[in-house]
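Trainee: I'm new to this one. Could you walk me through it?

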2 protein chains.
Amino acid sequence: MDPFTSESVKNMDEMCTVQFLPHQKSVTVANGTSVIRAAMAAGVHINASCGGQGSCGRCRIQITSGNVEGGVSDRIEPEEIEKGFRLACLAKIVGDVTVQVPIESEVDGAIFSKATAPRQSAVIKQFDFETIKEKGYFIPPVEKIYLELPPPDSQDRLPDATRLVSYLNVSYNERHVALDMSVIRKLPAILRANDFKVTVTLARPVRESAKSRVIHIEGGDTTDINQAIAVDIGTTTVYGQLIDLNTGDVLAEKGQFNAQISYGEDVISRIVFAEKGDGLEVLHQKVVDTINEVIGKIIKRAKADKDKISAITLAGNTTMTQLFLKVDPSYIRRAPYVPAATLYPPVPARELGINLGEHVTALVYPAVSSYVGGDIVAGVMGSGMYQDEALTLFMDIGTNAEIVIGNKEWMACAACSAGPALEGGGIKFGMRAAKGAIEDFSIDRVTYEPMLLTIGDAKPRGICGSGLIIAAAELFESGVINNQGKFDRELNTPRIRKHNDIWEYVLVWAKETQIERDIALTEIDLENMIRAKGAIYSGCVTLMEEVGLTIDDLDRIILAGGFGSYIDLEKAMTIGLLPEIDLDRVTFMGNASLLGARISALTNRIRRDVVRVTRMMTNFELSDTPSFMDHYVAALFLPHTDLNRFPKVMRKLAGRRSDKPV
Amino acid sequence: MDPFTSESVKNMDEMCTVQFLPHQKSVTVANGTSVIRAAMAAGVHINASCGGQGSCGRCRIQITSGNVEGGVSDRIEPEEIEKGFRLACLAKIVGDVTVQVPIESEVDGAIFSKATAPRQSAVIKQFDFETIKEKGYFIPPVEKIYLELPPPDSQDRLPDATRLVSYLNVSYNERHVALDMSVIRKLPAILRANDFKVTVTLARPVRESAKSRVIHIEGGDTTDINQAIAVDIGTTTVYGQLIDLNTGDVLAEKGQFNAQISYGEDVISRIVFAEKGDGLEVLHQKVVDTINEVIGKIIKRAKADKDKISAITLAGNTTMTQLFLKVDPSYIRRAPYVPAATLYPPVPARELGINLGEHVTALVYPAVSSYVGGDIVAGVMGSGMYQDEALTLFMDIGTNAEIVIGNKEWMACAACSAGPALEGGGIKFGMRAAKGAIEDFSIDRVTYEPMLLTIGDAKPRGICGSGLIIAAAELFESGVINNQGKFDRELNTPRIRKHNDIWEYVLVWAKETQIERDIALTEIDLENMIRAKGAIYSGCVTLMEEVGLTIDDLDRIILAGGFGSYIDLEKAMTIGLLPEIDLDRVTFMGNASLLGARISALTNRIRRDVVRVTRMMTNFELSDTPSFMDHYVAALFLPHTDLNRFPKVMRKLAGRRSDKPV
């Protein structure tokens, strides 16, 4: 799976129903899904550890009704193939089908009821341009108008600029219009080359009393093409979208690693680099280069024209924003952690080095504080939570997890230093969500043999953050680890072992990996993961407490960020990363920062509201909040010291094999 | 005399009284003035044609009381020197003195009464900053404020920018302030390097509802230095001033030839050049280079610091403005003569190539039409005529003469294509007002011998525009030419002759010139001059008529432009260039364009008014006004066909020798 393609771009048109026997579980999946992924989605365990390459040959299943495509392997005898046997990892669903999971790949039929739950990703909240229009929130920030001006003659000697402005005034009731210098420069030639028939691009002011600016002029009628670029400047990845301002549609989308990454993986190391010599200039140039590459690619992909793009909006965390704008970020990392600014004026895109027309202004999302940046504000704006009664927890989980709690009346926010564990950092075999990363996992409740899926169905190379959460939850639910993340030393399986003095669970044996080493999950890995989830959870609890509420008061959760899209909700609640809440009250926004950038490219309503919203967002420094440390310590258990906060997990654990401390 | 030093900079402190005998005329002149200049100012004729180098030796005078400095020459015998004889051109006035003009240098004492009148330059109208302040018109466009901000700590984590804006809000009641990107970039370092004690420069908006912008920040208290640059972009010369925004004083001033001049002397040839290849880019660069040189020099002269300059305002004619702003001027010279724009947005000075700080915005005066440009609007604003009841004629005389008539209720304007005669163009020995140009002239009413003064008291090289007006008037008053500018062929003097079939008056014989040729004024020269003055005068008459008035309704005249400063008013009325009006109702503004630029650098009041004023200024195209041609033909006489319009001239001519047609 391309990590840079968002969920929303997938073709979800053709869905198929897959029935698993003898489990009696069925699942609806997209045409083309592998049988093993369908099984995982249904909560059906099939031993499989090679990452879906057909090399381990353990995932034999039998098709008893309907058909699949592929799945034939020399690991299966020809006569068995005749009978419908296939390898689940190689067989693709192409229609409704019934799949028999052979009893030899399960140890005990009675375990079915204890098998892993079906996967519960959050509902994708799609942004709807029509709704914005219907609600009257649509104030196009950039508008094109086609004009047929009367040419001058000896009776009418209006200057070109006055002619244009007067016509807009008389014919379109545009009372306050000014022309940009670049338009004045083009005006005489373009009017005369086009018989005084031209299309002007008007940039609308955010403040209603201010002037509209004519920022661009083109010959003839070009009103059908009006486009903007939205950009999420991520520490790791820069995402861009080309947006049709007439329809709100995304015409193309592309992500690319932030070229700053060679100067440090996280914001702190980037700040350190920026402080030395021409470091700030270098990092500024690198991110601008990346943005230009992203723009180049989406324009190419959509067969668009760079010169016809009217606007660019960008969102990023405070450090990324300051580096992009070439503003010294030094004091972000130094107590008392003060950013240079949280509101940024519009800047000509060209001045920043952005490769777009000279008429294009870069609008950058405002931030709240050093660690609650424009990406979070963009997410809040894109989610609409600031207009809603519902008490919402908005979370963007990454190296830092940012939390916003509130509704249309008030908002509190904080950043939790979760550490990199949830992104695969500080985990022995941790890796980014790239090809070969273990992204899903289940464990046989009797043999403790794993079933695992990798990104791209490649031989495993390591485990990514979302895989880690699932693995930890499965190990915990199956009693392989206790509530402190320690292995049950008495279990009879070679996969649990003490290696170099550290207890671990072998996820994949060396021969089935790309890296030719056993891939294992260690107690230290689990400790890091628990600290990360503990920081996030206790951040939420502390923030709620600061505003006089508890977690139970939450009406809904919005998960933002690339990471959130792959989280299995139930597993995340099992380990205590997310508070327990009805799954249907959790929504997933995907790249909320990008969505916010897109929506503010589409309507000035967002730009009018955003300053008020940032003022409304009270920032809490968790390190200054005495109760935070208590909450944190209490959260360093699976799922939590206080199991009453997690009643579902408590019920699930009731049937568990062991929960004794080591 | 340095043509680039305005009248106002001269030291007028020490004045001396000079008594001329036997004429019984006295004059007050500045210490250091030559005796011959004092004589000319007093209307005392002394034969002298070598330009004041002592070479002709004809200007012998005797000091009978008081003392002069210099004037000794080998043309005077030692015993005569003992008796107080000196050469008037070499002797400097250093105190009150009585000067006897020897009878041999006059032919007939009886002619004294017919001698030339004393010189009548217009009164210099000085711009007064204090008056502006008293009238409440002072709205500083750029203001410095010194701030001592509280540093951030764990209880106060306001971002640097918010800290600054909040402090301005709370302590200075600044409700709407935004920070420029460049300030945000400097903010973190400058605050911390200066213990949070900084001076900010605020740019005030023209529209009261708009935001003030913090455009600059400096460490410590720098409020004592707040400066701006004012520039007049002339077709020939670019003038610049360094202005103290705290006091309104001009700290330094400098003029320099516009480097565009090598691409054409007048606006039309510049436009033609701009239309070819990269001509526009070249001319833009040339004028920017000139402006940068001027800025460099005034900054050096005032020992100022380029980086401490807060603003620059500029004014120029429409073509100069468009070339400066790199706007195609092609259609200015093509019917129906439409400029690209008359209002220009503020542009960052750096973007235009102006060598000032990145925080400096260039404000360019708006124009009215293709031939009534920002220089004229600046003059109108600087003169205050738009606030006045008095019906004023504002004239800026150059190659084109621009005329504005009106008061605070209405204004009409037009440009007259006068041709270059009044600037020395198309005149056989015409030249710019540079060293060696004959600038003043009188003629002996009996011998027809000349007395002439040159710029810089150098040997004559030619005659400049103001000299031409005086010479023509003197020749006319003395009956050497008739009212059509034709010479009296019967006068007995070798100076009037037919040369190459054209009648002329020899101003200087070859041996006394720099160019070693006889310098003469021809009938063709006079014809060109009459056409020029006729165009201007008839322009005024036509414009008055178009608004239902006559020249007699005028309350006052304001003369603008470098040329106007050297005009002898009475002579200008004698030839019919200016309408006859009491001399004390004529004021001279000097470089009105520069003055307008300066005043708008000092108060936003001007910038608030100027758009309204340009809208109020109704432009008339004289070529479209049928009556113009009739008025023009009637004005092709000295002073005019209708002598009743010039009663003073009529009285003067009563005693004239001859007025018969040739």
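Predicted model: local features only at pLDDT ≥ 70, side-chain atom pairs only at ≥ 80, totals over all residues.

Trainee: Fine. Start with helices. At what angle do H9 and H14 of chain B pack?

Mentor: Helix H9 (residues 374-383) of chain B meets helix H14 (residues 592-602) of chain B at about 65°, and their axes are 7 Å apart. H9(B) and H14(B) are therefore roughly perpendicular to each other.

Trainee: Is the crossing of H9(B) and H14(B) left-handed or right-handed?

Mentor: Left-handed.

Trainee: Which residues in H9(B) and H14(B) meet?

Mentor: From H9(B), the residues are Asp375(B), Ala378(B), Gly379(B) and Gly382(B). From H14(B), they are Ala592(B), Ser593(B), Leu595(B), Gly596(B), Ala597(B) and Ile599(B). By class, the contact of H9(B) with H14(B) has 5 nonpolar, 4 polar and 1 charged.

Trainee: What about H4 and H5 of chain B, how do they cross?

Mentor: Helix H4 (residues 160-172) of chain B and helix H5 (residues 181-193) of chain B cross at roughly 70°, with axes that come within 9 Å. An angle of 65 to 115 degrees counts as roughly perpendicular, so that is the term for H4(B) and H5(B).

Trainee: And which residues make the contact there?

Mentor: H4(B) contributes Asp160(B), Ala161(B) and Leu164(B), while H5(B) contributes Leu187(B), Pro188(B), Leu191(B) and Arg192(B). The contact of H4(B) with H5(B) has 5 nonpolar and 2 charged residues, and no polar ones.

Trainee: Switch to chain A. Where is Asp160(A), and is it buried or exposed?

Mentor: Asp160(A) is in helix H4 (residues 160-172) of chain A. Its relative accessibility is 0%, so Asp160(A) counts as buried.

Trainee: Now the rings. How many aromatic pairs does the structure hold?

Mentor: There are 10 aromatic pairs over all chains. One of them is formed by Phe441(A) and Tyr505(A), and it is edge-to-face, with 6.1 Å centre to centre and 90° between the planes.

Trainee: Where in chain A do Phe441(A) and Tyr505(A) lie?

Mentor: Phe441(A) lies in strand E22 (residues 437-443) of chain A, and Tyr505(A) in strand E26 (residues 502-508) of chain A. The pair therefore ties together parts that are 64 residues apart in sequence. Phe441(A) is buried, with a relative accessible area of 0%, and Tyr505(A) is buried with a value of 0%.

Trainee: Got another pair, say Phe628(A) and Tyr632(A)? What kind is that?

Mentor: Phe628(A) and Tyr632(A) are stacked, with 6.1 Å centre to centre and 20° between the planes. Both lie in helix H16 (residues 626-634) of chain A, 4 residues apart, which is about one turn of the helix.

Trainee: Why do Phe628(A) and Tyr632(A) count as buried?

Mentor: Buried means under 20% relative accessible area. Phe628(A) is at 14%, so it counts as buried, and Tyr632(A) is at 15%, so it counts as buried.

Trainee: What is the phi of Lys326(A)?

Mentor: Lys326(A) has a positive phi of about 60°, although it is not a glycine. Lys326(A) is in the loop between helix H8 (318-324) and strand E17 (347-348) of chain A, and at 29% relative accessibility it counts as partly exposed.

Trainee: And the phi of Asp457(A)?

Mentor: Asp457(A) is not a glycine either, and its phi is positive, about 50°. Asp457(A) lies in the loop between strand E23 (450-454) and strand E24 (462-463) of chain A.

Definitions and conventions:
Residues numbered from 1 in each chain as written. Chains lettered and ligands numbered in written order. Heavy atoms only, no water. Axes fitted to C-alpha atoms, helices over the stretch in contact; angles between N-to-C directions. Helix = DSSP H or I, 4+ residues; strand = E, 2+ residues; numbered from the N terminus. Parallel < 35°, antiparallel > 145°, perpendicular 65-115°, else oblique. Left-handed = near helix turned anticlockwise from the far one by under 90°. Contact = heavy atoms within 4.5 Å. Nonpolar A, V, L, I, M, F, W, Y, C, P; charged D, E, K, R; others polar. Phe/Tyr/Trp six-rings, centres within 6.5 Å; stacked < 30°, edge-to-face > 60°. Buried < 20%, exposed > 50% of the residue type's maximum accessible area, 1.4 Å probe, protein only.
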